Amino acid sequence: MHVMNKTNLLLILCILLSTFGYAVPTTQILSPVINSNNDGNHTNPINEGIAPLKSQSSVVSADFADICQEVESKDLILTPITNGAADCLTTYNTLASSETDDCSITGSSIWLQVKTDSTATSMILSLNAVFNPTISVFEGPNCDTLNPTNIICSTDPSPVLGVGANRTYWIRIETDGGSNDEIAICVSSQINAFDCYDTELETTPESSQPEGPFCPGESVEFCYEIEYYINPAPPPIGNNCQWLQGIMPVLGNGWDIQDSLYQTQGPDGAFWLDEGNVDYNFNNPQYTVTSLPSGLLGLEYNNGGGISAGDLLPGGWWYTSPGNGNCENDLGDPNTSWGLLSTCNEILNIDFCFTLTVKGIDGLGDCSNPANTDLSVDLYVFADGETGCWQDLSCA
């Protein structure tokens with residue numbers, strides 16, 4: 001995740017208070033996800049198969065766009081709902097002509113447009129015509145700024161493309177020597193998951209066993225090994241080359257947060273930002289921002305809530321690097337930059353440790369309140385599609 005969910009890993013240490021200290025009964029790892037589309041070292045996705053179209057809603061059009069500039073005036077625009085019904089229209093190319101940059105100048109070409117919604121990570125095209133079409137897909141805000149995708153001069157009538165959320169795509173359909181006739185086209189968009197990372201944890205307490213119990217005032221070292229996978233393919237095969245950007249610990253109220261100073265003990269090359277400095281890019285039903293008993297922001301995964309685009313996140317360690325396109329490149333602000341500088345076929349190994357101290361007897365308060373004896377440590381990993389200016393989602 002650019003899910004990475006660009007969701008992502010949730011490592012939960014459920015640590016409860018026992019009669020004489022703190023016990024660690026369970027450890028659970030949940031791996032959600034992230035997705036991207038851009039240039040520079042981030043690359044465009046590779047065409048891979050994804051699930052078939054869902055139920056389709058058909059819209060018949062009595063017009064065609066011979067050139068790109070005619071698409072919007074003739075309302076040849078498809079707006080599929082991610083993980084919902086495909087959007088369809090019928091057009092024709094009987095009177096169309098060829099353009100100088102067509103795949104073949106001996107045929108004819110027509111154009112239409114697709115607008116993705118806020119959660120799309122892949123797009124599936126499905127064409128039905130009496131001729132064999134040649135399809136090219138471009139991304140850009142208008143016809144004067146068209147960036148080619150991996151679908152250029154494709155003869156596959158049902159190509160799959162990794163896409164970004166809230167983007168505009170322009171589709172050119174050509175025929176070369178075949179029948180000129182009616183064309184039915186449906187477009188479906190989906191959000192797909194790619195498992196962007198694995199993790200291992202080792203705990204080293206001062207006096208007790210790694211599994212606990214942990215005593216009031218005891219310090220415990222947590223050492224994490226994160227493997228983050230960068231793959232140029234669209235999900236579910238890859239993460240569209242999203243780079244690692246954020247690592248966020250969310251701590252239970254049983255830890256002495258003020259005295260632990262864990263903020264200065266993060267991964268090499270990353271810097272700490274307190275809560276409220278970084279916001280999330282998309283509407284994501286898998287995350288929920290919460291308020292912890294400590295007064296800090298927390299984060300939960302898959303609890304039935306949801307996070308909205310622009311919601312501020314808890315504090316965490318962040319990587320930044322210069323991006324391009326729409327990036328403002330304030331390297332102190334992850335929202336305006338890319339993540340940890342990487343390639344598109346790489347496995348990153350991030351090893352780091354931090355030490356937490358259990359609250360003393362005087363700081364525990366009412367031990368019958370589970371919140372006061374909560375020694376959980378939840379670790380979230382974010383890609384630059386989720387929090388940076390890469391703007392696409394797949395690990396979430």
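1. The note opens with an open sheet of 5 strands, in which the pairing is mixed and the order is S4-S6-S11-S8-S9. At its edges lie strand S4 (77–78) and strand S9 (145–148), each of which pairs on one side only. The model under review is a predicted one.

2. Within this sheet, strand S6 (residues 108–115) and strand S11 (residues 168–175) run antiparallel and are joined by 8 bridges.

3. As to the overall content, the protein has 3 helices and 21 strands. It comprises 396 residues, of which 53% count as buried. Its accessible surface comes to about 15,800 Å², and carbon and sulfur atoms account for 48% of that surface.

4. A further antiparallel pairing links S5 to strand S12 (residues 182–190) over 6 bridges. Strand S5 (residues 86–92) is mostly covered, with 6 of its 7 residues buried. The bridge partner of Cys88 in S12 is Cys186, and the reader may wish to locate this pair of cysteines in the structure.

5. Cys153 has a positive phi, near 55 degrees, and is placed in the loop between S9 and strand S10 (160–162). S9 is also one of the edge strands of the sheet in point 1. Cys153 counts as partly exposed because its relative accessibility is 37%, a value between the 20% limit for buried residues and the 50% limit for exposed ones.

6. Asn329 also has a positive phi, of about 60 degrees, although it is not a glycine. The loop that holds Asn329 lies between strand S19 (316–318) and strand S20 (346–357). With a relative accessible area of 29%, Asn329 is likewise partly exposed.

7. Is Cys68 buried or exposed? Cys68 is buried, because its relative accessible area is 5%, and buried means under 20%. Cys68 and Asn142 are 74 residues apart in sequence, yet their C-alpha atoms are 8.8 Å apart in space.

8. The structure holds 18 aromatic pairs. One aromatic cluster is formed by Phe222, Tyr224, Trp255, Tyr262, Trp272, Trp317, Phe352 and Phe354. Trp317 falls within strand S19 (316–318), while Phe352 and Phe354 fall within strand S20 (346–357); these are the strands on either side of the loop that holds Asn329.

9. An aromatic ring also takes part in a contact with a charge. The charged end of Lys74 sits over the ring of Phe64, at 5.4 Å from the ring centre.

10. The second largest pocket has a volume of about 250 Å³. Its lining consists of 20 residues, and those nearest its centre are Leu292, Glu300, Asp374, Ser376 and Asp378.

11. Which strands each supply at least two residues of the lining of the second largest pocket? They are strand S1 (10–17), strand S15 (244–251), strand S17 (287–291), strand S18 (297–301) and strand S21 (377–383). The largest share of this lining, 3 residues, comes from S18.

Technical notes:
Residues are numbered from 1 along each chain as its sequence is written. This is a predicted model: local features need pLDDT of at least 70, side-chain atom pairs count only at pLDDT 80 or more; totals for chains, interfaces and linings use all residues. Side-chain values use heavy atoms; hydrogens and water are left out. Rings of Phe, Tyr and Trp (its six-membered ring) pair if their centres lie within 6.5 Å; planes under 30 degrees apart count as stacked, over 60 as edge-to-face and the rest as tilted. A charge sits over a ring if NZ of Lys or CZ of Arg is within 6 Å of the ring centre and within 35 degrees of the ring normal. Two strands pair if DSSP finds at least two bridges between them. Helices (H or I, at least four residues) and strands (E, at least two) are DSSP runs, numbered from the N terminus. Buried means under 20% relative accessible area, exposed over 50%, partly exposed in between (1.4 Å probe, protein chains only). Accessible areas come from the Shrake-Rupley method with a 1.4 Å probe; for residues, only the protein chains shown count as cover. On a 1 Å grid over the protein atoms alone, a cavity is a set of points where a 1.4 Å probe fits but cannot get out, and a pocket is an open set with protein on both sides within 12 Å along at least five of seven lines; lining residues have an atom within 4 Å of a point. Grid points are joined across faces, edges and corners, and a volume is the space filled by probe spheres set on the points.
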